[in-house]
Amino acid sequence: MENRIAALRKERRVSQAELADAVSVTRQTIISLENGRYNASLLLAHRIAAYFGLTIEDVFLFEEEQT
Amino acid sequence: MLIKNLFCGPDYNKSLRRRLWLGAALLGVGLVGFVCWFLVVPGSGLDDHARGFYLGAATGVTLGAVILLARTVWLLTHPDARKKAQIEDTDEREVHITRAAAQFAGLFTFFVTAALLFWVVAAPLPAFKVLFSLMLCYGLSFSFARAYLSKKL
């Protein structure tokens, strides 16, 4: 599952630490999400999407949508 | 690590208060160990190895309990430290890593124990029984946990 977290963060000039603090995870988790090494739970995906004011589908790209 | 996983719920303050109770209980176990070492062990005729176990276990459990209590009290009285600890303790990636590591360690231990049975079968019977009991304990606890979680989730 790919995501647009890094792009959205850079677009809005938000640091990894700020995003991590806002969604109550460690900075390492944000790094792993951005690198695609870890897939967020539904709850975390919802929190991140809400932080950017978007829907989960706008931030996280599921495999069915990529094909 | 185990305590963080077992005593970490949605209400972090409640989880910390439960850790205080756990720390107090562990401190009690450690102190009972010391009492046994001072009062019971000297006249028991146990060998040095058994005497050392009582002292070592009592010291280890007591030290662990004191560290757990001190850290928990510190977190309960320092909001900034508590917020940082809460994020570290509840971070879903960390929880996922810990559970995956525990799963791997459990399976690895199970298969190593199974392999050791072939070697220990030539050793005294108690060693074989202990290893076999460990495997049985793993199998039964896995079955019970799976049945319970299947109903609950």
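What share of the contacts in chain B with a separation of 6 or more comes from residues 24 or more positions apart?

**View 1. Chain B is a run of helices.** This is a predicted model, and its chain B holds 6 helices and 0 strands. Start at the N terminus and follow the chain along: the elements read α-α-α-α-α-α.

View 2. Chain B has a radius of gyration of 20 Å, while a compact globule of 153 residues would come in near 15 Å. Its C-alpha trace spans about 55 × 45 × 25 Å along the principal axes of chain B. Look for buried residues here and you'll find that they make up 7% of the 153 in chain B. Now back to the opening question: among contacts in chain B with a separation of 6 or more, 56% are between residues 24 or more positions apart.

**View 3. Where chain A meets chain B.** At this spot, 8 residues of chain A are in contact with 6 residues of chain B. What kinds of residues does chain A bring to the side that touches chain B? On that side of chain A there are 3 nonpolar and 5 polar residues, and no charged ones.

Technical notes
Residues are numbered from 1 along each chain as its sequence is written. Chains are lettered from A and ligands numbered from 1 in the order in which they are written. This is a predicted model: local features need pLDDT of at least 70, side-chain atom pairs count only at pLDDT 80 or more; totals for chains, interfaces and linings use all residues. Helices (H or I, at least four residues) and strands (E, at least two) are DSSP runs, numbered from the N terminus. The radius of gyration is taken over C-alpha atoms; the globule rule is 2.2 Å times the number of residues to the power 0.38. A residue is buried if 20 or more other C-beta atoms lie within 10 Å of its own, exposed if 12 or fewer, and partly exposed in between; C-beta atoms are placed from the backbone. Two residues are in contact if their C-beta atoms, placed from the backbone, lie within 7 Å. Ala, Val, Leu, Ile, Met, Phe, Trp, Tyr, Cys and Pro count as nonpolar, Asp, Glu, Lys and Arg as charged, and the others, Gly among them, as polar.
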